[in-house]
Amino acid sequence: MPILSMFYGIIIRMQSEKGGRHNKAHLHATYGEYEIVMTTSGEVLEGKFPSKQLKLLTAWAALHEDELNANWQLLSEGEGYFKIDPLK
């Protein structure tokens with residue numbers, strides 16, 4: 001699963017899941033032993049994160065929602081992906 005961005009110990013990945021179990025454009029993020037699956041618009045689908053890291057991830061996703069959706073489309077079409085700037 002390609003890494004799109006990393007910041008403050010949070011690693012964000014995305015893969016195409018045509019017909020997958022979530023059926024929505026989404027990302028996977030890890031922080032230590034925590035893992036979360038979130039839509040590109042910030043809805044948590046499964047998993048959990050510490051409160052502070054969830055706020056950082058949600059803010060980052062809101063800032064980059066268009067880029068996340070573009071990556072989802074590229075991956076769905078087998079066209080690869082591009083990196084997204086981290087929070088600074």
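Two strands are taken to pair if DSSP finds at least two bridges between them, and helices (H or I, at least four residues) and strands (E, at least two) are DSSP runs numbered from the N terminus. The model on display is predicted, with local features requiring pLDDT of at least 70 and side-chain atom pairs counting only at pLDDT 80 or more, whereas totals for chains, interfaces and linings use all residues. Residues are numbered from 1 along each chain as its sequence is written, and side-chain values use heavy atoms, with hydrogens and water left out.

Begin by selecting the five strands, which form an open sheet in the order 1-2-3-4-5 with antiparallel pairing. Strand 1 (3–7) and strand 5 (44–48) stand at the edges with a single partner strand each, so one side of each has no neighbour in the sheet. Neighbouring strands are turned by 15 degrees against each other on average, direction ignored; axes here are lines fitted to C-alpha atoms, for helices over the stretch in contact, and angles run from 0 to 180 degrees between N-to-C directions.

**Strand by strand.** Next, select strands 2 and 3, which run antiparallel and are joined by four bridges; Ile-10 has Tyr-31 in strand 3 as its bridge partner. Strand 4 (residues 34–39) pairs in turn with strand 5, antiparallel and over four bridges, and Val-37 stands opposite Glu-46 in strand 5.

**His-26.** Now centre on His-26, which lies in strand 3 and is buried, with a relative accessible area of 1% (buried means under 20%, exposed over 50%, partly exposed in between, with a 1.4 Å probe and protein chains only). Its side chain reaches the backbone oxygen of Lys-24 at 2.7 Å, and the side chain of His-26 also makes a polar contact with the side chain of His-28 (3.3 Å); such a contact is a pair of N or O atoms within 3.5 Å, and within protein one must be able to donate a hydrogen and the other to accept it, while residues adjacent in sequence count only if both atoms are side-chain atoms.

**The helices.** Finally, select helix 1 and helix 2 (residues 65–76), which pack at an angle of about 75 degrees with their axes 4 Å apart. The contact (heavy atoms within 4.5 Å) involves Trp-60, Ala-61, Ala-62 and Leu-63 of helix 1 and Glu-65, Glu-67 and Leu-68 of helix 2.
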